[in-house]
Amino acid sequence: MSELGQKLIEGLKCAVEIAQGKADPSTYRVHTINVQNVDIRAIRRRMGLSQTVFAEQFGFSVSTLRNWEQGKRRPDPAVRAYLRVIEKAPDTVRAALAD
């Protein structure tokens, strides 16, 4: 798994522990990730998925995905990071979302 993927998973685990009262919020570490533009259409096409299937598998609305691909809107930095993880480890993301 990429370093980005590892940082995202580590941050999520920490957030869950804090939310469950198992960890002290002061122990949370902030991770800064510089995520530039993401070619969402290229990622989706390399995966061989339609807009509808890609959106359903990864939790986006089709209209939002279409707006990103057409350049009408731009995903925020957190979504760009999520898209990078999808690009690098789609099966890992699918497995995480299935739980």
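**Figure 1. Surroundings of Leu-83 in the predicted model.** Leaving aside residues up to four places away in sequence, Leu-83 touches Val-38, Ile-40, Ile-43, Phe-54, Phe-60 and Pro-75.

Figure 2. In soluble globular proteins, nonpolar side chains tend to be buried together.

**Figure 3. Helix α1 against helix α5.** The axes of α1 (residues 3-19) and α5 come within 9 Å and cross at roughly 120°. Because of this angle, α1 counts as oblique to α5. The crossing of α1 past α5 is left-handed. On the α1 side the contact is made by Leu-4, Gly-5 and Leu-8, and on the α5 side by Ala-81, Arg-84 and Val-85. By residue class, the contact of α1 with α5 divides into 4 nonpolar, 1 polar and 1 charged.

**Figure 4. Helix α3 against helix α4.** Here the axes come within 9 Å, and α3 and α4 cross at roughly 115°. The crossing of α3 and α4 is right-handed. Helix α3 contributes Gln-51, Thr-52, Phe-54 and Ala-55 to the contact, while α4 contributes Val-62, Leu-65, Arg-66 and Glu-69. The residues of this contact divide into 4 nonpolar, 2 polar and 2 charged. Phe-54, part of the α3 side of the contact, is also one of the residues that Leu-83 touches.

Figure 5. Along its principal axes, the C-alpha trace spans about 45 × 25 × 25 Å. Of the 99 residues, 29% count as buried. Among contacts with a separation of 6 or more, residues 24 or more positions apart account for 53%.

Definitions and conventions
Residues numbered from 1 in each chain as written. Predicted model: local features only at pLDDT ≥ 70, side-chain atom pairs only at ≥ 80, totals over all residues. Heavy atoms only, no water. Contact = heavy atoms within 4.5 Å. Axes fitted to C-alpha atoms, helices over the stretch in contact; angles between N-to-C directions. Helix = DSSP H or I, 4+ residues; strand = E, 2+ residues; numbered from the N terminus. Parallel < 35°, antiparallel > 145°, perpendicular 65-115°, else oblique. Left-handed = near helix turned anticlockwise from the far one by under 90°. Nonpolar A, V, L, I, M, F, W, Y, C, P; charged D, E, K, R; others polar. Buried < 20%, exposed > 50% of the residue type's maximum accessible area, 1.4 Å probe, protein only.
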